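Here's a quick tour for anyone meeting this structure for the first time. Have a look at it, then read on.

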Amino acid sequence: MRILRNISFGQYIPRDSLIHSLDPRIKILSCLAIIVALFLITKFSGYLILGCFVLISIIISKVHPKYVFRGLRPILFIIIFTLLIHLFMTEGEMIYQLGFLKITREGLVKGILISFRLFILILTTSLLTLATSPISLTDGIERLLSVFKFIGIPAHEIAMMMTIALRFIPTLLEETEKIMKAQISRGADFESGNIFNRAKNLIPILIPLFVNAFRRADELAIAMEAKCYRGGEGRTHYRELKIKKKDISAFTLTILVTIMVSVMF
Amino acid sequence: MFIHLENICFTYSLGMPFETEVLKNINLDIDNGEFIGLIGHTGCGKTTLIQHFNGLLTPTSGKIYVEGIDLNKKGTNLRLVRQKIGLVFQYPENQLFEETIYQEIAFGPRKLGLSEEKIEKRVREALKMVDLDYNLYIERSPFSLSGGEMRRVALASILSIRPKMLILDEPTANLDPQGRDNILFEIEKIHYNFGMTVVLVSHNMEKVAETVKRLLVMHRGEIIIDGAPQEIFEKHANDLVKMGLGLPQVTECMHKLKAKGKDVYAGVLTVDDAESELLKKMKRTTKK
């Protein structure tokens with residue numbers, strides 16, 4: 001049951017910092033810029049510069065690096081896996097042999113580069129969610145998506161769905177934990193048995209969870225209707241997003257750095 | 001001694017930004033056959049504490065023994081312990097999942113690997129304990145029941161494991177007064193007829209206090225008062241009010257009389273007790 005409590009990806013940590021106070025749109029676009037740059041860079045030094053840029057942002061955000069790096073834990077396996085694949089599967093100049101496995105210089109370089117790419121990718125997105133409250137994040141997404149309204153993208157509806165989903169993640173996690181505990185108290189066993197038995201053992205968790213989620217969705221829909229919710233048209237915002245000077249300078253800086261690293265390296 | 005707790009401390013989300021100390025140095029002994037009420041304000045750690053009893057939570061520090069078995073030693077078979085201690089969660093109707101009530105109640109015994117005959121016997125027994133008719137109910141879907149019935153089925157699904165001890169977290173929450181009285185009556189019956197050890201967790205003084213024989217009062221993660229309900233309501237009335245727990249209406253009334261200088265015993269729990277106490281005192285004054 002500990003597993004459910006330790007999900008830090010997507011968690012928001014409130015702090016009073018420059019990064020927190022930036023406009024969410026700026027943060028999302030900056031993140032996108034960094035991600036695009038990550039896939040354009042081909043040299044190690046480029047990753048180093050971009051990595052430093054992200055690290056400095058983490059320090060400015062006042063969020064303890066511990067939390068940011070915790071986001072890496074779930075994908076550590078993927079990073080190691082890709083590193084190994086690249087290490088052994090790339091043809092080239094051999095530097096070490098281990099039985100039938102060959103490690104090549106090219107493989108080593110490529111593996112490390114890819115690992116760095118994933119590493120920085122996760123750090124950047126973790127920082128985005130750690131330093132932006134879910135509400136302002138979806139506000140930002142709504143405003144960004146509304147640019148595409150003319151091709152029929154329902155920006156408000158998407159944002160509303162995201163808000164609701166984000167809002168209910170902790171609730172559902174908590175509920176899953178509670179139901180698990182209740183069923184364990186009734187004699188259920190989630191820890192032993194083969195994979196089929198384990199899958200079958202999930203039924204006592206999933207059915208109550210779904211029943212409760214549907215009931216909750218129903219209640220939420222009625223509550224929203226009672227508050228006269230009728231979609232995004234003509235809806236005003238309590239928090240208006242405004243681009244300020246610091247947003248412009250932060251965005252310019254990010255764009256400059258990303259363009260520089262992707263062109264030069 | 002059935003359960004023995006030694007210096008239990010528990011902290012939620014240890015090492016996370018929202019770290020909170022929920023239990024502080026809890027020492028507690030529960031004997032076989034006791035009928036205990038655990039009361040305290042919402043968020044005082046009641047639910048967290050009872051989840052330690054059957055090993056669902058592991059204390060940050062301290063030791064728990066159930067019938068002499070150390071719960072947190074490596075290799076302790078917690079499933080055996082959970083079979084001895086039936087824990088009924090708050091809103092237990094939210095964990096129903098089977099197609100029929102029979103299957104629902106048979107879930108626990110089936111997990112114990114019993115034969116089909118024995119399972120049927122236990123389902124009968126459990127339904128009887130919660131006063132539901134076997135033939136009328138077994139084929140029905142648990143989702144077609146009323147709130148009170150669902151709760152009784154959920155209770156039966158724990159009773160079918162035949163625990164030695166029953167812990168109920170807010171068993172009367174969200175029920176109408178009649179449903180509440182019914183459930184409390186079933187629980188009392190189970191205690192008296194089967195000699196089961198019962199712990200009743202609640203934030204509501206009324207009713208619970210008059211049902212149980214020993215009362216534990218929790219406040220901010222500590223058990224601060226432990227004793228017979230009458231004694232507690234007589235001596236610690238002010239503390240309880242200060243904690244925001246309040247007293248049963250009739251007890252409060254007696255305390256008010258006492259504050260006005262009347263010589264009455266304030267530790268009464270029911271209207272009947274209050275009546276006889278008052279009559280007794282009135283007779284004495286008229287005789288004088």
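Chain B is assigned two domains, domain 1 (3–240) and domain 2 (248–288), with bounds that come from an automatic or database domain assignment. Bear in mind that this is a predicted model: local features need pLDDT of at least 70, side-chain atom pairs count only at pLDDT 80 or more, and totals for chains, interfaces and linings use all residues. Residues are numbered from 1 along each chain as its sequence is written, while chains are lettered from A and ligands numbered from 1 in the order in which they are written.

**Between the domains of chain B**
- The centres of domain 1 and domain 2 of chain B, taken over C-alpha atoms, sit 34 Å apart.
- Ten residues from domain 1 of chain B and eight residues from domain 2 of chain B make the contact (C-beta atoms, placed from the backbone, within 7 Å).
- On the domain 1 side, α8 (208–211) and α9 (229–235) of chain B each give two or more residues; helices here are DSSP runs of H or I, at least four residues, and strands are E runs of at least two, numbered from the N terminus.
- The largest share of that side, five residues, belongs to α9(B).

**The sheet in chain B**
- Four strands make an open antiparallel sheet, ordered β2-β1-β4-β5 (chain B); strands pair if DSSP finds at least two bridges between them.
- β2 (20–30) and β5 (69–70) of chain B are at the edges with a single partner strand each, so one side of each has no neighbour in the sheet.
- Seven antiparallel bridges link β1 (residues 3–12) of chain B with β2(B).
- B:His4 is opposite B:Asp29 in β2(B).

**Chain B meets chain A**
- Here 22 residues of chain B contact 18 residues of chain A.

Conventions
Contact = placed C-beta atoms within 7 Å.
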